[in-house]
Amino acid sequence: MSVQLMWCKNTVLLFLFLGISCGKANKVDVASRTNTTAEVIEPVKNNNTLVIGANQTNAYLKLLKGKRVGVVANQTSVVFKNEIDLSQTDNNDNYIHLVDSLISNRIDVKKVFAPEHGFRGKADAGEVVKDGIDTKTGLPIISLYGKNKKPSAEQLMDLDIVVFDIQDVGARFYTYISSLHYVMEACAEANIPVVIFDRPNPNGHYVDGPILEKEHKSFVGMHPIPVVHGMTIGEYAQMINGEGWLNNSLKCNLTVIAMKNYNHELTYSLPIKPSPNLPNDIAINLYPSLCFFEGTNVSAGRGTELQFQIYGSPFLPKSEFEFTPQPNFGSKYPKYKNEVCNGYNLTTTPKLKALDLSYLINAYKTTSDKSKFFLSNGFFSKLAGTKKLQKQIEAGESIENIKATWKDGLDNFNIVRAKYLLYK
């Protein structure tokens with residue numbers, strides 16, 4: 001049963017962050033719901049109170065005091081001023097940024113590392129993010145997107161510890177988990193501890209999709225996991241470590257500040273857009289199913305206000321719904337700019353609990369020229385993690401038959417996944 005998460009209005013100011021240690025030792029410290037080493041400023045009043053990692057200051061400030069700290073963060077890296085009461089239905093934008101919180105707690109933050117979309121989350125998907133200076137704090141910002149996806153030894157030289165706190169959405173091709181891999185790997189090589197502040201996975205209620213094959217490894221898919229992995233970022237970090245996926249099988253000396261009162265069935269409404277083209281809960285839920293269109297000649301709504309909630313193209317038959325992409329925030333150069341796209345509006349779709357291939361298959365069957373449906377650059381296979389899915393769709397296989405070919409891989413993955421789950 002899913003429960004709506006929203007904000008309560010009568011608690012105390014809470015501040016940020018968590019602690020990790022990254023090096024060659026194979027150590028994972030987890031501050032979880034049952035571990036008394038992770039205390040909240042105010043005790044949890046009831047089982048309706050969700051406490052994210054960043055709010056457990058008593059658990060991590062002591063790990064950061066007196067250290068030179070690097071922070072991997074973006075616009076979602078916040079500390080909530082009020083507890084998150086799962087019984088409430090009103091959403092209170094009641095938070096401060098993690099970096100501001102750490103500085104106010106006299107933590108020596110030296111620099112910020114920014115993933116895809118940048119520190120403030122304003123860059124387009126795929127847009128090169130440049131280094132810079134944060135105008136509010138004066139801290140240097142180092143991009144982890146573009147040519148420099150992995151922190152260099154020089155960039156880590158003046159740090160004692162690195163904090164990673166970014167809201168993920170639970171899809172293999174969402175690149176924040178690729179940045180997580182490279183941060184852990186760079187810190188392991190430099191013997192620098194890493195601390196992860198765990199956050200809910202809004203798509204954590206299911207596991208589905210083909211397992212990535214190693215020949216299709218890329219920044220939109222680095223490890224042999226399904227499209228939807230059903231893990232929080234803290235759990236996934238433990239899997240990276242435990243499965244030996246870092247270069248030369250290094251192990252990250254890792255501390256995960258786990259959440260309190262969280263489970264994978266909870267419906268978590270994100271208070272801040274995790275990226276420019278995921279504006280709401282509907283888009284986030286549809287994203288794993290609709291992102292396949294990025295490897296085709298179909299638009300998933302970039303250049304509209306309904307990104308990843310609609311799909312269409314000029315090559316689909318006329319329908320009751322159409323849209324015309326225009327440059328906007330998050331999409332400076334949208335597919336089919338100024339062209340009418342015939343398609344479908346999915347904004348009233350019930351919450352998905354599995355990948356829905358019907359959109360993709362329907363678009364392929366009805367497009368005017370099937371030879372041009374899949375992009376020639378092979379990006380569809382990178383997103384799928386295999387060439388098989390494209391071949392199955394071209395061959396006209398049913399959804400049931402396609403999903404049956406995923407079963408063994410998913411069964412094996414779920415056995416491995418169970419070793420790293422923090423929330424049963």
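Reader: Y364 and F373: buried or exposed?

Author: Y364 is buried, and F373 is too. Buried means under 20% relative accessible area, exposed over 50%, and partly exposed in between (1.4 Å probe, protein chains only). This is a predicted model, where local features need pLDDT of at least 70, side-chain atom pairs count only at pLDDT 80 or more, and totals for chains, interfaces and linings use all residues. Residues are numbered from 1 along each chain as its sequence is written, and side-chain values use heavy atoms, with hydrogens and water left out.

Reader: How many aromatic pairs does the structure hold?

Author: It holds 20. Rings of Phe, Tyr and Trp (its six-membered ring) pair if their centres lie within 6.5 Å; planes under 30 degrees apart are stacked, over 60 edge-to-face, the rest tilted.

Reader: Why is the pair Y364 and F373 edge-to-face?

Author: Their ring centres are 5.4 Å apart and the planes are at 80 degrees, so the pair is edge-to-face. Both rings belong to one aromatic cluster, which also includes F292 and F374.

Reader: Which residues have the most contacts inside the largest nonpolar core?

Author: F292 and F293, in a core of 115 residues. Such a core is a set of buried Ala, Val, Leu, Ile, Met, Phe, Trp, Tyr and Cys residues joined through side-chain atoms within 4.5 Å.

Reader: What is F293 in contact with?

Author: Leaving aside neighbours within four places in sequence, its partners include V298, Y311, K335 and F373. Contact means heavy atoms within 4.5 Å.

Reader: New topic. Which ring faces does K149 lie over?

Author: K149 lies over Y145, at 5.6 Å from the ring centre, and over F219, at 5.1 Å. The cut-offs: NZ of Lys or CZ of Arg within 6 Å of the ring centre and within 35 degrees of the ring normal.
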